[in-house]
Number of protein chains: 2
Amino acid sequence: MFENRLRSLRSKFDDLGVDTVWIIQPDNRRYLSGFRAVDGHLTESSGSLFISLDQGILLTDTRYTTQAEQEAPGFEVITHKEGVVNALPEIFDRLQSRRLGFEAGYLIWEVYQKAREKASQHSPPVELIPLSSLVEDMREIKEPQEVEILSKSAQLMSNVLSKVIEELRPGEVEKDVAWRIETLIRQNGADRPAFAPIVASGLNSALPHAIPTGRRLEKGEPVILDVGAIVAGYCSDMTRTVFLGEPTEDLKEIYRIVREAQLTAIESVRPDMETTEADSLAREVIKKAGFGGFFGHSLGHGIGLATHESPTVGPLKPKILQEGMVFTIEPGIYLPGRGGVRLEQMVTLEHGRARVLTGNEDFYFF
Amino acid sequence: MFENRLRSLRSKFDDLGVDTVWIIQPDNRRYLSGFRAVDGHLTESSGSLFISLDQGILLTDTRYTTQAEQEAPGFEVITHKEGVVNALPEIFDRLQSRRLGFEAGYLIWEVYQKAREKASQHSPPVELIPLSSLVEDMREIKEPQEVEILSKSAQLMSNVLSKVIEELRPGEVEKDVAWRIETLIRQNGADRPAFAPIVASGLNSALPHAIPTGRRLEKGEPVILDVGAIVAGYCSDMTRTVFLGEPTEDLKEIYRIVREAQLTAIESVRPDMETTEADSLAREVIKKAGFGGFFGHSLGHGIGLATHESPTVGPLKPKILQEGMVFTIEPGIYLPGRGGVRLEQMVTLEHGRARVLTGNEDFYFF
């Protein structure tokens with residue numbers, strides 16, 4: 001698996017004009033090597049991959065040496081003592097690097113400046129070449145075994161959420177519901193939640209990314225539940241909006257519009273379609289119904305090792321949808337001071353159309 | 001509170017040669033404004049602060065507009081529709097910016113390039129000035145109310161960990177212990193764990209940042225428990241190494257050395273001491289005992305809104321310790337193939353010396 005990915009990466013070196021690439025972003029490192037450590041610093045002294053046409057080095061610090069050797073057997077592990085940048089000259093020598101590609105969307109300004117200094121002072125000098133979303137683009141198209149794990153992650157999350165929704169009652173506190181979801185995610189075999197569950201009731205549902213509060217659920221109000229799990233490293237992400245009892249007519253109306261927007265997108269997305277077109281399929285439904293101003297975010301996003309990854313399925317930055325992609329479809333309408341509705345499914349493009357990975361949604365309307 | 005912090009920030013503008021600063025790093029944003037959203041992308045389209053001498057703008061996207069208005073009443077909230085960079089010209093006009101300071105340790109290369117282009121094309125042109133750890137340095141010294149919250153966070157975590165350790169028995173699985181810790185952290189009123197608890201037993205204890213596995217705890221082995229909670233936004237971080245039953249003599253010896261190294265540092269650290277000297281106080285104890293090669297990480301790190309923040313208390317990059325700082329003291333010895341010991345306390349510098357915020361540690365030795 002890693003060998004195939006490295007082969008694919010190396011096949012791009014010529015076009016990119018690089019002889020070595022430097023990978024720091026944790027999900028990208030994991031994708032190419034299996035190394036899972038994350039130290040939470042942008043400088044990620046926990047690990048950098050340096051990949052030339054015929055060698056692979058994993059540079060780490062003493063905290064992670066043993067883990068690196070265990071998890072990334074395809075890489076030579078080198079432990080730095082004085083920071084990543086100070087180890088660059090040794091790496092350049094070992095890999096005979098002259099043109100080093102770096103992650104333009106991850107390397108921070110300060111580290112870039114220091115690295116450039118080391119590179120230009122090196123003999124022979126090394127040129128730094130910015131690479132935009134090199135590994136991120138590779139990660140967009142999932143391998144069959146990745147789709148299988150993502151499907152498991154989605155299924156686990158769907159089962160947990162169904163159970164929680166069945167038992168949901170007025171009077172419960174948002175935070176408690178969120179905690180029950182987290183507990184069930186763990187107890188059902190996930191690594192952990194993909195993100196802190198969102199449970200947003202009443203007026204809070206008008207906040208697309210509300211943090212659960214001490215508020216109690218009330219009858220007839222919308223309750224948005226936006227949740228995800230990580231299973232074997234792969235994320236799921238889904239949203240349901242439920243009403244505990246009969247909602248008002250205007251909330252029903254909004255629900256129907258959002259649901260129609262979502263179904264329209266799910267039924268119409270195809271490989272070779274632009275992401276912007278997929279977005280506008282759903283957006284047009286909401287616009288025509290007169291709520292265009294209340295759907296502020298993108299229709300969806302790729303999902304895999306990260307909850308949010310490439311491609312973004314939104315009104316900007318067109319990309320071509322392709323067979324094997326896995327992404328969310330999550331239109332929403334948010335009326336400040338009144339409440340909101342968001343519905344989110346995870347789909348994969350398979351045999352020319354979308355297959356929904358998360359569970360059935362009709363059940364959730366009242 | 002925010003007003004004082006902004007006043008302090010603005011008082012540095014002259015020396016830094018800037019008339020506006022651009023703050024993206026989520027903890028820094030929260031520190032200066034109260035705005036808590038995090039969208040998990042480095043580009044943080046969820047929010048940027050732009051602070052001039054007399055104005056403050058919080059630039060966000062539609063997902064967070066309402067939250068921004070609620071949480072950051074001291075800032076004017078502007079919602080961008082086409083990304084942060086495309087909104088820069090409007091911000092420059094509103095703030096009359098000519099010299100924009102940016103976070104050199106956070107802004108990624110790609111965003112910097114795009115921002116610089118907008119800035120240089122603007123009329124009048126705006127110069128981008130790199131700022132190194134401007135807000136991070138301010139955050140090093142805690143205000144009294146911050147020390148109080150950090151102390152609560154440390155106390156909550158200590159109480160939870162004492163309880164877990166009292167009930168710890170051979171045969172239990174690392175992952176289950178980690179999960180029990182997480183559960184108790186929540187049930188005792190924390191926002192959430194500060195990081196995934198580390199429970200590393202037997203040979204796993206030789207990995208300074210082990211991930212809990214399905215391994216069962218055995219008698220006499222070291223079990224490292226490295227845990228933290230977030231209370232009202234502020235993190236705690238502490239580590240205990242316990243033995244379930246009598247350990248071998250060499251593990252006892254290592255424990256005694258690590259404990260001595262830690263106590264030496266706790267008793268000797270003072271305001272005006274360099275962080276590198278604090279580190280070497282403990283490191284010398286371990287070196288003299290012959291284990292210098294097995295303590296690979298720094299002695300400690302600042303802690304506050306982030307689990308790891310400035311200053312690093314390590315052998316590199318000296319900084320001056322100051323009254324009001326809160327940091328960890330966590331020496332360790334890790335013997336590959338045999339096991340390890342790490343002990344970690346959180347301290348604050350108060351009345352000229354260290355006060356330990358986390359609980360008593362003697363209890364934990366057998």
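## Basis

This is a predicted model, in which local features need pLDDT of at least 70, side-chain atom pairs count only at pLDDT 80 or more, and totals for chains, interfaces and linings use all residues. Residues are numbered from 1 along each chain as its sequence is written, chains are lettered from A and ligands numbered from 1 in the order in which they are written, and side-chain values use heavy atoms, without hydrogens and water.

## Chain A overall

Chain A holds 11 helices and 19 strands. Helices are DSSP runs of H or I with at least four residues, and strands are runs of E with at least two, numbered from the N terminus. The C-alpha atoms fill a box of roughly 75 × 40 × 35 Å along the principal axes.

Of the 366 residues in chain A, 60% are buried (under 20% relative accessible area, 1.4 Å probe, protein chains only).

## A sheet in chain B

Strands S8, S9 and S12 of chain B form an open sheet in that order, with antiparallel pairing. Two strands pair if DSSP finds at least two bridges between them. S8 (198-201) and S12 (238-243) of chain B are at the edges with a single partner strand each, so one side of each has no neighbour in the sheet.

S8(B) pairs with S9(B) (residues 222-227) over four bridges. Ala200(B) has Ile224(B) in S9(B) as its bridge partner.

Definitions and conventions
Buried < 20%, exposed > 50% of the residue type's maximum accessible area, 1.4 Å probe, protein only.
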